[in-house]
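Here's a quick briefing on how one chain packs together. Have a look at the model first, then we'll go through a loop residue, a helix pair and the core.

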Amino acid sequence: MNESPTIKPRRKGRSGMQAMLIPSQQMVAQLIRSVPQGVRTDLGALRRRLSAQYGEDARCPVTVQRHLRAIAELSFGALAKGEPVSTVTPYWRLVDPANPLAARLAGGPVFIRERLDAERPERS
């Protein structure tokens with residue numbers, strides 16, 4: 001990733017401070033694209049990977065979720081216009097279709113389930 005992360009200090013407990021990463025949408029999208037096809041992970045794992053990558057104590061969960069929603073809109077819109085799946089950010093790999101968050105993302109739970117099923121390896 002070629003951009004500098006935004007780091008903000010925030011209080012932790014009564015007397016401590018911690019460094020909190022405020023990731024950009026590009027940072028989040030690049031990490032989502034690194035999730036292999038057919039593998040499902042979750043937002044918590046993505047946020048932990050962001051923190052580990054930048055050596056920070058915490059990362060802003062609100063910002064990450066906001067970026068995920070924007071990424072979902074862009075990806076879903078591109079697919080609706082006929083773009084190949086290989087060219088969009090596969091946001092469906094981060095969300096369980098049964099999770100309430102799935103209903104707030106472009107395409108909703110049905111689309112997410114369809115994409116996950118399409119990526120599932122064929123069983124012989």
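Let's start with Arg-40: setting aside neighbours within four places in sequence, Arg-40 is in contact (heavy atoms within 4.5 Å) with Arg-93, Val-95, Asp-96 and Leu-116. Keep in mind that this is a predicted model, where local features need pLDDT of at least 70, side-chain atom pairs count only at pLDDT 80 or more, and totals for chains, interfaces and linings use all residues. Residues are numbered from 1 along each chain as its sequence is written, and side-chain values use heavy atoms, with hydrogens and water left out.

**The loop residue Arg-40**
- Arg-40 sits in the loop between α1 and α2; helices here are DSSP runs of H or I with at least four residues, strands are E runs of at least two, and both are numbered from the N terminus.
- Arg-40 counts as partly exposed because its relative accessibility is 42% (buried is under 20% relative accessible area, exposed over 50%, partly exposed in between, with a 1.4 Å probe and protein chains only).
- Although Arg-40 and Leu-116 are 76 residues apart along the chain, their C-alpha atoms are separated by 8.0 Å.

**How α1 meets α2**
- The axes of α1 (residues 25-33) and α2 (residues 43-54) come within 11 Å and cross at roughly 110°; axes are lines fitted to C-alpha atoms, for helices over the stretch in contact, with angles from 0 to 180 degrees between N-to-C directions.
- That makes α1 and α2 roughly perpendicular to each other (65 to 115 degrees, with under 35 as roughly parallel, over 145 as roughly antiparallel and the rest as oblique).
- On the α1 side, Met-27, Val-28, Leu-31 and Ile-32 meet Leu-46, Arg-49, Leu-50, Gln-53 and Tyr-54 of α2.

**The largest nonpolar core**
- This core has 28 residues, and Leu-68 and Tyr-91 touch the most other members; a nonpolar core is a set of buried Ala, Val, Leu, Ile, Met, Phe, Trp, Tyr and Cys residues joined through side-chain atoms within 4.5 Å.
- Two or more residues each come from α1, α2, α3, α4 (100-104) and α5 (108-119).
- The largest share, six residues, is from α3.
- Beyond four places in sequence, Leu-68 contacts Ile-32, Leu-43, Tyr-91, Leu-94, Val-95, Leu-101 and Leu-105.

**His-67 in α3**
- His-67 lies in α3 (residues 61-80).
- Is His-67 buried or exposed? His-67 is buried, with a relative accessible area of 15%.
- Not counting residues up to four places away in sequence, His-67 touches Pro-23, Ser-24, Gln-25 and Val-28.
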